[in-house]
Every structure is written in structure tokens, then in C-alpha cells.
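This report describes aromatic contacts, charged side chains and a surface patch in one protein model. The sequence and structure are shown first.

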Amino acid sequence: EIAQCLVGSEMCIRDSVIMPLYGDLKFRDRLEYITNYSVPVGWRSQYCGLFKAEVDGVTYYFLDNEYYFKRRGLYGFYDDGERFAFFSRAVLETLFYIDFTPDIINCNDWQTALVPVYLNLYYRHLDKFNRIKTIFTIHNIAYQGKFGFDFFRDLLRVEDRYFTSEFMELNGCAAFLKAGCVFADRLSTVSPSYADEICTPYFGEGLEGILSARRHQLSGILNGIDKKLFNPYTDQLIAKRYDKGHLKGKQVCKESLMFDMGLQGGADTPLVAMVSRMTDQKGF
């Protein structure tokens, strides 16, 4: 649900992030109000407020619409399709009200998959938009944002020819994710091996055809951590620092974590951690 806008020059790269102003956002007191404007959503227009925050050298823009986003939680609601159709269109409308035009917009998952669709259908002819490129990143291809064709027509107001297997149709539905895969300039995913896997019928979830056809435009970028920041020998935030030659601190960290999590056990109790979604795809 994040659209990342990158602007490059010979001397610097400017990195901005655009995301919904969710009801659970923690640092609302740091937001600066910029302006508000109307965003087309099918045959109607909806309010959008624009806020900004600077955090660690990155500019974050938050798009406010209480009807869509002032809720507990991020997604999983009955009207998610309309919520993120609004957000995708609002991302592009926002570019009229901020002081730069990105070279690249990086869209993540089905929630922002309509950004490249809207860009090509409604904005590409404008000078401000005609050089923008889009990258669409797939984190888990099973989450596709599928909705009925009548619903999609109401939101997009485009010709029926776009609701075919060539553009958006997938298994009898209109799929946000497929639209992003068709309209984006480049595609990326979370590892080189996953990029290969999703081009096969077993892992492709019905999109293996379009992904295979665009394999030369699909890149896998391996997820990882910052080894300098997450270095247990220098990390000031853990209970006790350690390295491969001095492992006693690791036991202290384990005991501290078990205490914080309310877990019972002694020094010999194994502690297993897994960073993942609780889905069958991950092996649970």
C-alpha cells in the first residue's frame, strides 16, 4: 500500500513515500498539513487531504480520507477495492500539489497496482507525467485483489476492452494484481528464485503466462537486513552485545526476550523465531 517516488539527478537521489493516513498511525503530531483536493473515483469525486513528515531524511506524504482510512487496521474490509482504487488515483493527483516530479514510481502489491493503469490511461499525455516510469513489486502473488467486472467498471470508467484476459481478467474476475503486471514498465519481486517460481503454473497463481512473457522485465531482489545496523557486537538496543568469539551475551539476550514475551523456560529451553506470514505457502 506504499507508492515510492524516486527522483534522480547527477548529484543526488530524492526518495519520497506516499501512503494512506491510516487511523492507527502513531506519529500524527509530527504531520504538516499541505493542502486538499478532489480525487476522481469512477463517476464521483472524493476528498483527499495531503500531509507531510520528514523522517530520517525521507519525505513521507500521507493521503487523508477518513471515510476510507480512519479505521482500526489497514485492510481486510469489504470495500478494500474502492479504498485502494481511490488511493492509487490519489497518488497521481498528489503530484500536482508537491514540488517535484518523480522519475520512477515503485508500486507495492495489489493495493497500488492501479497506479500504472491510471498513469497510462489518464495522465501519460501530460508533460508532467510523460517521462515517469513505473516498477510494480510483487511480495506474494497469491494476494491479487480480485473483484467483479461491474465493480471494476464503476471505479475505472474505461473501455470494456480492458476487461479481457489480455489486461485484467483472471479466472472470471477483474484482478488488480494482473492489471499492475500488464501496465507497469518493469516488475520486481522478493528474490531471484521467486521470480523464476512465479513464471511456472505451480507458483504463478494464474499469472504465469503474463509473467513468462515479461520475464526479461522481471527482476528478483533478495530481501535482507542491514548488517551494520543489526550487528550484535555494536547494537546498543539489545540486552548484551556479543560476537562469534564471545557468545555469552547471546544467552542474556535470549533470556531477556523470553522475559519480555512472557515465555517460561530455563537456560536450556530452545527458542525458535520465524519472521513470516502465517499462511500455508510459508510451510506452517
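Y22, Y67, Y68, F69, Y75, F84, F86, W110, F147 and F176 come together in one aromatic cluster. Rings of Phe, Tyr and Trp (its six-membered ring) are paired if their centres lie within 6.5 Å; planes under 30 degrees apart count as stacked, over 60 as edge-to-face and the rest as tilted.

The model is predicted, with local features requiring pLDDT of at least 70 and side-chain atom pairs counted only at pLDDT 80 or more, while totals for chains, interfaces and linings use all residues. Residues are numbered from 1 along each chain as its sequence is written, and side-chain values use heavy atoms, leaving out hydrogens and water.

**Aromatic pairs**

In total, the structure holds 19 aromatic pairs. One of them is the stacked pair of Y37 and Y97, whose ring centres lie 4.2 Å apart with 5° between the planes. This pair links distant parts of the chain: Y37 belongs to strand β3 (residues 32-41), whereas Y97 lies in the loop between α2 (80-94) and β6 (104-108), 60 residues apart. Helices (H or I, at least four residues) and strands (E, at least two) are DSSP runs, numbered from the N terminus. Y37 counts as buried because its relative accessibility is 5%, while Y97 counts as partly exposed at 38%. Here buried means under 20% relative accessible area, exposed over 50%, and partly exposed in between (1.4 Å probe, protein chains only).

Y202 and F203 make an edge-to-face pair, with 4.9 Å centre to centre and 75° between the planes. Y202 is exposed, at 72% relative accessibility, and F203 is partly exposed, at 36%.

**Charged side chains**

Side chains of opposite charge can pair when their charged atoms come close. Six salt bridges are present in the structure, each defined as a side-chain nitrogen of Lys or Arg within 4 Å of a carboxyl oxygen of Asp or Glu. Among them are the following.

| Salt bridge | N to O distance |
|---|---|
| E66 and K70 | 3.9 Å |
| R71 and D79 | 2.7 Å |
| D80 and R83 | 2.7 Å |

K70 counts as exposed because its relative accessibility is 54%. In the bridge between R71 and D79, both residues are buried. D80 and R83 lie in helix α2, three residues apart, or about one turn of the helix. D80 is buried, with a relative accessible area of 7%, and R83 is buried at 0%.

R71 also lies over the face of F77, 4.9 Å from the ring centre. The charged end of R44 sits over the ring of W43, 4.9 Å from its centre. A charge sits over a ring if NZ of Lys or CZ of Arg is within 6 Å of the ring centre and within 35 degrees of the ring normal.

**A nonpolar surface patch**

Which residues form a nonpolar patch on the surface? L257, M261, L263 and L271 do, with about 360 Å² of accessible area together. Patches are made of residues with over 30% relative accessible area and no salt bridge; like charges are joined within 9 Å, and nonpolar side chains (Val, Leu, Ile, Met, Phe, Trp, Tyr) within 5 Å. Accessible areas come from the Shrake-Rupley method with a 1.4 Å probe, and for residues only the protein chains shown count as cover.

L271 lies in the segment after α9 (248-261). L271 is partly exposed, with a relative accessible area of 36%. Not counting residues up to four places away in sequence, L271 touches K254, L257, M258 and L263, where contact means heavy atoms within 4.5 Å. The C-alpha atoms of L271 and E255 are separated by 9.6 Å, with the two residues 16 residues apart along the chain.
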